[in-house]
Amino acid sequence: MKTYSGHCHCGAVHFEVDTDLAAPFRCNCSLCARRGTTIQIVPATHFRLLSGEESLTRYGSREFSKHFFCRTCGIQCFTRLTVNLKLENEPSVGVNLGCLEGVDVGALKPATFDGAHLL
Ligand SMILES: [Zn+2]
């Protein structure tokens with residue numbers, strides 16, 4: 001487990017996340033397919049928004065997944081979920097791994113999450 005710093009493109013939104021990057025994935029739902037990000041789910045307690053809350057805007061009408069974007073640069077940094085990937089009611093956060101310092105997203109081997117059919 002390592003602590004990574006993350007931020008949006010313009011730098012308004014900063015966060016930290018504790019993760020071992022053990023389960024990166026890409027999702028094929030209608031939003032993720034367009035966004036094209038590689039994601040890691042972490043327990044909500046492993047994610048800390050450090051600054052930029054006022055710069056965030058939310059997209060999506062589903063209560064179980066709230067996608068947060070920087071309103072200045074448009075980068076979607078993370079998604080707050082009321083469930084984890086096992087669909088248990090444990091709050092979690094889906095982190096856009098492209099936002100993390102020191103992570104080469106291209107070197108990861110993401111699994112595919114079939115969100116198009118599950119969500
Ligand atoms: Zn930004």
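I looked up His67 to begin with and found it buried, with a relative accessible area of 12% (buried means under 20%, by a 1.4 Å probe on protein chains only). This is a predicted model, in which local features need pLDDT of at least 70 and side-chain atom pairs count only at pLDDT 80 or more, while totals for chains, interfaces and linings use all residues. Residues are numbered from 1 along each chain as its sequence is written, and side-chain values use heavy atoms, without hydrogens and water.

I placed His67 in strand β7 (strands are DSSP runs of E, at least two residues, numbered from the N terminus). Its side chain makes a polar contact with that of Thr79 at 2.8 Å (a pair of N or O atoms within 3.5 Å, one able to donate a hydrogen and the other to accept it; residues adjacent in sequence count only if both atoms are side-chain atoms).

I then turned to the zinc ion, whose protein donors are the SG atoms of Cys8, Cys10, Cys70 and Cys73, 2.3 to 2.4 Å away (donors are N, O and S atoms within 2.8 Å of the metal, or 3.2 Å for Na, K and Ca). The angles among the four donor atoms run from 106 to 120°, and the site is tetrahedral (all angles between 85 and 135 degrees). Cys8 lies in the loop between β1 (2-7) and β2 (14-19) and Cys70 in strand β7 (residues 65-70), so this pair ties together parts 62 residues apart in sequence. I noted that both Cys8 and Cys70 are buried.

Definitions and conventions: Four donors count as tetrahedral if all angles lie between 85 and 135 degrees; four count as square planar and six as octahedral if opposite donors are over 155 degrees apart and all others between 65 and 115; anything else is irregular. Helices (H or I, at least four residues) and strands (E, at least two) are DSSP runs, numbered from the N terminus. Buried means under 20% relative accessible area, exposed over 50%, partly exposed in between (1.4 Å probe, protein chains only).
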